[in-house]
Amino acid sequence: MPLFKTITVDNSTNVLIWKIEESYEFLSKDIELTKHCRDRVNSMKSELHRRAFMSVRHLLAIVGYTDHDLYYDEFGKPHLKDGKQISITHSYEFAGIIVSDKLVGIDIEKQREKIHKIANKFVNEFENDYISQIKNEIQALTIIWGAKESLYKLFGTAGLSFKEHTFISPFTLDYPFVYGAINHDGNVSHYDLSFLEFEGFTCVYALPAEEF
């Protein structure tokens, strides 16, 4: 069972990452899906997406849940029936979840050169001012994209713009913590984010900033 990594963030928050190496048939064994999720996975054309979908169900099982404990709201955001917060991600051969008592978001991205081509769609002027100072721009852009994707998942509101509404403070690749903010409809909220890198991938997860 390729549970790749577990991170205990705090007393109520855990991150689990799965490396997808098994076949879809293997991953489907002993997993009972709801009709909604069975229809979803059956409609997927990509075999890797199908395997990722099922590997997430194995991650759920590790933390004591089944597919029947999970439901999705009108924005497609996942929720757990017991009131715990959850966020889900997958990218190529990795999948991950974060479960907490707090609002959470998680994203895994493959580090790729092509991110330069789309940077203008999600990087604002504030972030452009410091990106050039980071030694590896692909890594930096991937962290910013993952951070904004995590915030988008956490916020769970339609119409949130990566470029106009989400802001990532300057950071260094040597220190795996990032601070972010969302400015939406005149309200500003602050978030603590962490990132880790493995096998050419970047994982970022977000929680509300601690108040002191």
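Two strands are taken to pair if DSSP finds at least two bridges between them. Helices (H or I, at least four residues) and strands (E, at least two) are DSSP runs, numbered from the N terminus. The model is predicted, so that local features need pLDDT of at least 70 and side-chain atom pairs count only at pLDDT 80 or more, while totals for chains, interfaces and linings use all residues. Residues are numbered from 1 along each chain as its sequence is written, and side-chain values use heavy atoms, with hydrogens and water left out.

An open sheet of five strands shows antiparallel pairing in the order E7-E11-E10-E9-E8. Strand E7 (105-110) and strand E8 (166-168) stand at the edges with a single partner strand each, so one side of each lacks a neighbour in the sheet. From one strand to the next, the twist averages 25 degrees; axes are lines fitted to C-alpha atoms, for helices over the stretch in contact, and angles run from 0 to 180 degrees between N-to-C directions. Helix H6 (residues 137-155) packs on this sheet and touches E7, E8, E9, strand E10 (187-198) and strand E11 (201-208), contact meaning heavy atoms within 4.5 Å. The direction of H6 makes about 150 degrees with that of E7.

Within this sheet, E8 is joined to strand E9 (residues 177-184) by three bridges in the antiparallel sense, and Phe167 stands opposite Ala181 in E9. Eight bridges connect E9 with E10, again antiparallel, and Asn183 faces Val188 in E10 as its opposite residue. E9 and E10 form a hairpin with two residues between them, and Asp185 in the turn has a positive phi of about 55 degrees. E10 and E11 are likewise antiparallel and joined by eight bridges; the bridge partner of Ser194 is Tyr205 in E11. A hairpin with two residues between the strands is also formed by E10 and E11, where Glu199 in the turn has a positive phi of about 50 degrees.

A further open sheet, of four strands, has the order E1-E2-E6-E5 with antiparallel pairing. Its edges are strand E1 (3-10) and strand E5 (85-91), each having a single partner strand, so one side of each is left without a neighbour in the sheet. Neighbouring strands of this sheet are turned by 10 degrees against each other on average, direction ignored. E1 pairs with strand E2 (residues 13-19) over six bridges in the antiparallel sense, and in E2 the bridge partner of Lys5 is Ile17. H3 packs on the sheet, touching E1, E2, E5 and strand E6 (94-100), and its direction makes about 35 degrees with that of E6.

Helix H3 (residues 47-62) also packs against helix H2 (residues 35-43), at an angle of about 150 degrees and with the axes 9 Å apart. H2 and H3 are therefore roughly antiparallel to each other (angles under 35 degrees count as roughly parallel, over 145 as roughly antiparallel, 65 to 115 as roughly perpendicular and the rest as oblique). Cys37, Arg40, Val41 and Asn42 in H2 meet Arg50, Phe53 and Arg57 in H3.

The structure holds 13 aromatic pairs; rings of Phe, Tyr and Trp (its six-membered ring) pair if their centres lie within 6.5 Å, with planes under 30 degrees apart counted as stacked, over 60 as edge-to-face and the rest as tilted. One of these pairs, Phe122 and Trp145, is edge-to-face, at 4.9 Å centre to centre and 70 degrees between the planes.
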